[in-house]
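This briefing covers the fold of a protein chain and its contacts with a DNA strand.

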Amino acid sequence: MEFAALAERAERVAAHDGDIETTLAVADLLADAGDGGANHGSTDDLPVVVRFLLGRVFPAHDTRTLDVGPALCREAIARAAGPNVDAADVEDRLAERGEIGAVAAAYDFGGQRGLAAFGSGRDALTVAALDEELRNLAAASGDGSESRKRDALFGLFTRCSPSEAAFLARLVLGEMRLGVGEGTVRDAIAEAFLTSETAHDGAESGDDDDGPADGDGPELTAPDDAVAAVERALQVTNDYGRVAVRARDEGIAGLREESLRVGRPVQAMLAQAGTATDALDAFGEVAVETKFDGARVQVHYAPHGAEADDGVPDGDAPGGEGTALGPRLYSRNMDDVTDALPEIVEFVADRVDAPVILDGEVVAVDDDGDPLPFQEVLRRFRRKHDIDRMREAVSLRLHAFDCLHADGDDLLDEPLTARHERLHEFLPDAAADLTVAADTDSIAAEERAALDAGHEGVMLKNPDAAYTPGDRGRDWLKRKPDVETLDAVVVGAEWGEGRRAELFGTFLLAVREGDESAAQNAGNDAADRDAGGRDADDPAPPGYATVGKVATGITDETLADLTERLEPHVVDETGTTVSFDPELVVEVGYEEIQTSPTYSAGYALRFPRFVGVREDKGVDDADSLARVRRFAGDD
DNA sequence: GCTGATGCGTC
DNA sequence: GTCGGAC
DNA sequence: GTCCGACGACGCATCAGC
């Protein structure tokens, strides 16, 4: 498939309104992409197209990365745009247009202009060639690799028509903005390859279509069990490209062969926010667990067989019974994090004596076993160097709360209580407590106990629910304390992207910094400031200290309002960033105050969200650094 | 060798 | 992670 | 309900550049 064709079709997909239309357009595209492989013996573009639509070059469980971000992409675009353009120009244009793809397209690098390339096919990019180029680019490392990546990307842009350039820029940044996400692709795979018309094999998928068409508008025709088969295959496989190919070539029956396997991570089951009342209404009896503030970990372990080889459980290894596998630990996004967490590996290896897949949370603890801030977990979680040394500095502990596979039994469809029993059988001293409650008082008591112990809150689970990987459904609810609130001064902003192209997308917040102990924070003295009153490293005006940024919790309407209101007060603008004189006070919700190496207050808000404008407050009434310090518990 | 910039993945 | 908007 | 895409802070790894 020509890259130009993909880019154009992607534009059309993005232009569709409505889920059904979008899904059908994607399904068409997948069917066409699949043709090449199935019928013409050329390279199979289907898996690549599927991943590209999702803004990926590699499947989720693949550890490879492009290591191309906004900065490098801007440089490559600038170079392709000619000698008179530099990265700063590109950023200025980005601030205007609010979309890197549009910026790249507007430069018009001259590749494949019009139909001139017809026949001669001069250097026309194919999807397969682009995929290979990007994979090569990802493989670059070591000295000079950054410029090699820039060169490679530059070379690609050079060969791009405007619509290709837009696609490429968004692809390398992983932001396709097509309105096509995993849900759409899942439905589109079923629609493309598993409807009664398109089904590859005879596996009759049932006649549970939606019945007679209502006549108006297009409809999806893939049967529910086809969608379910695609979904299940995705859950255990985490590879959209592979599942699409399998659906096309082997139909529903082939998809059903993809199943749980020790050594291959499964998508994590997720939770929605909810209250005790929500849970009681929905479940009757509620399974209550404490919600740990750590990092999700999935444990895979197959202790028996030959000598445990700690072998890499690569996707296609037979991996069945009899193949020993040392404990492997996977993050929520299925990265292998085994090496960073040796004590968890040892802990599991010392206790478990059968093949298992466990789900849990790794937390940092102090010498008393009490939980430490999330930041401490981060110091360990993806570490590659000095692991043994950091192991001394930050202790980790596993709280396991689920069991997906035990000694040959797949437990995904078992009720939570049964899975928890199996878990307890294998890891009694790491299994999280699960108490069943039937009224709000006992749930409240559990919640209080969890918070008093320093945890994040509680999980409220349906005791009868199956484990549904990747699902953020209502069977698991998370309950955290109500947000706290701070009245901060808006001292800067950043122009938005995409939907927020014409608006500010982010606001920089500050608190009043009294003269009591202003010198406490380095680089914050008046003497360090330039004539303009703003330190290059600290965009806070004199008398203020920054505490973070907000970008969410704002409706489109009030965002437009804020933009209009603040734009006249811009005192400085570089690239996509502006600063204001202190004027507007804003109420901001947050979950926690954490120490910050980034902001001049020395603190930052965790999970900040906009609550409202404090029209009743002037800047002198805004909260102070002293108050922040007090809330942080550091007074 | 060290520091800052950049990117990635955790929440 | 949070949130708003579209369906 | 579900999906999608606007965005937050943080700490580690890596590379460029001094």
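The points below treat the chain as a whole, one hairpin and the DNA surface. The model is predicted, so local features need pLDDT of at least 70 and side-chain atom pairs pLDDT 80 or more, while totals for chains, interfaces and linings use all residues. Residues are numbered from 1 along each chain as written, chains are lettered from A in the order written, and side-chain values use heavy atoms without hydrogens or water.

**Chain A overall**
- Chain A contains 20 helices and 19 strands (DSSP runs: H or I of at least four residues, E of at least two).
- Of its 635 residues, 48% are buried (under 20% relative accessible area, 1.4 Å probe, protein chains only).
- Of the contacts (heavy atoms within 4.5 Å) between residues at least 6 apart in sequence, 72% join residues at least 24 apart.

- Strands β14 (residues 570-574) and β15 (residues 577-580) run antiparallel and share four bridges; pairing requires at least two DSSP bridges.
- D572 is opposite S579 of β15.
- Two residues separate the strands, and G575 has a positive phi near 60 degrees.

**DNA strand C**
- Residues around DNA strand C include D19, R332, R499, F607 and R609 (a heavy atom within 4 Å).
- Sugar and phosphate make up 88% of the DNA strand C atoms within 4 Å of the protein.
- Phosphate oxygens of DNA strand C lie 3.3 Å from a polar side-chain atom of K478, 3.2 Å from a side-chain N or O atom of K480 and 2.9 Å from a polar backbone atom of D556.

Definitions and conventions: Buried < 20%, exposed > 50% of the residue type's maximum accessible area, 1.4 Å probe, protein only. Polar contact = N/O pair within 3.5 Å; in protein donor to acceptor, adjacent residues only side chain to side chain.
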